[in-house]
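User: Hi! I am new to protein structures and would like to go through one with you. Could you help me read it step by step?

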Amino acid sequence: VEARTSSGDDLKTVHFQAEAGPRYRRVQIDFEGVEALDPDQLRDSIESSGLTDALILEPERVERFILGRYRAQGYLDAIVHPVAYDFQPEQGRARLIIGLDEGQAYRVGALSFSGNNHFDTVELEGNVSLSGRPWADPLLRDAIFQLEQLYWQTGFNDVSVSSTTVKDTDAGVVDVEFLITENQRGQIEIVQLSGNLRTSDA
């Protein structure tokens with residue numbers, strides 16, 4: 001793009017002249033260092049999420065997207081390197097290369113509970129069955145929901161369950177503490193019946 005100015009009658013005009021560069025009809029996304037996830041599925045997820053153009057215009061968005069995929073599967077130390085570009089104007093082709101260091105896959109480590117009075121730790125731990133399983137974000141969400149359901153079934157309708165995690169890199173595990181606020185247990189105080197109270201065997 002070139003710019004020039006011209007002046008006259010107290011008016012300044014800026015003229016821009018642009019020349020179109022090579023047009024790339026084929027844009028190929030390649031990965032380096034990807035083993036834990038399926039490269040084809042990862043590529044499809046980038047394209048279906050409308051992030052192909054972002055690889056050039058906003059590569060940080062794509063890096064965050066890929067990190068989210070890895071961390072959801074327990075690769076909490078994954079690193080995405082800056083996108084490398086291989087433009088081949090003669091063939092009208094561009095390769096966008098994404099390099100990764102996946103790191104290790106973490107597992108669920110020790111579980112602990114705080115704030116629980118109605119249920120003891122053994123009961124709660126048996127209800128979630130997480131220890132030793134491969135770490136995945138959905139597992140933790142499911143475990144919180146299972147604990148809430150357990151309390152709801154016994155009348156603790158206002159129970160609140162959250163969690164904190166501690167990553168142990170040397171052991172390759174994530175320890176989880178569930179923070180439980182039981183609140184008051186609901187009770188049915190009076191049952192009133194009205195209308196026809198008779199029953200019939202017929």
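Predicted model: local features only at pLDDT ≥ 70, side-chain atom pairs only at ≥ 80, totals over all residues.

User: Among contacts in the protein chain between residues at least 6 apart in sequence, what percentage join residues at least 24 apart?

Analyst: Residues are numbered from 1 along each chain as its sequence is written, and side-chain values use heavy atoms, with hydrogens and water left out. A contact means heavy atoms within 4.5 Å. Among the contacts between residues at least 6 apart, the share that joins residues at least 24 apart is 56%.

User: How many helices and strands are there in the protein chain?

Analyst: Helices (H or I, at least four residues) and strands (E, at least two) are DSSP runs, numbered from the N terminus. Read from that end, the elements run β-β-β-α-α-α-β-β-β-β-α-α-β-β. The count is five helices and nine strands.

User: What percentage of the residues of the protein chain count as buried?

Analyst: Buried means under 20% relative accessible area, exposed over 50%, and partly exposed in between (1.4 Å probe, protein chains only). The protein chain has 202 residues. The buried share of them is 32%.

User: Which residues of α3 are buried?

Analyst: Helix α3 covers residues 59-72. Its 14 residues reach 20 Å from the first C-alpha to the last, close to the 20 Å expected at 1.5 Å a residue; the expected span is 1.5 Å times one less than the number of residues. The buried residues in α3 are P59, V62, E63, I66, L67, Y70 and A72.

User: Is R64 buried or exposed, and what is its relative accessible area?

Analyst: R64 lies in helix α3. The C-alpha atoms of R64 and I79, 15 residues apart along the chain, are separated by 9.9 Å. As for its own surface, R64 is exposed, with a relative accessible area of 56%.

User: Why does the salt bridge between D77 and K167 tie together parts of the chain, and how many residues apart are they in sequence?

Analyst: The closest N and O atoms of D77 and K167 are 2.7 Å apart. D77 lies in the loop between α3 and β4 (79-80), whereas K167 is in strand β8 (residues 160-168), so the pair ties together parts whose separation in sequence is 90 residues.

User: Which residues do salt bridges that share partners join into one network?

Analyst: D86 forms a salt bridge with R95, with the closest N and O atoms 3.5 Å apart. D86 is partly exposed at 25%, and R95 also counts as partly exposed, at 22%. Through shared partners, the residues joined into one network are D30, D86 and R95.

How values were computed. Salt bridge = Lys/Arg side-chain N within 4 Å of Asp/Glu carboxyl O.
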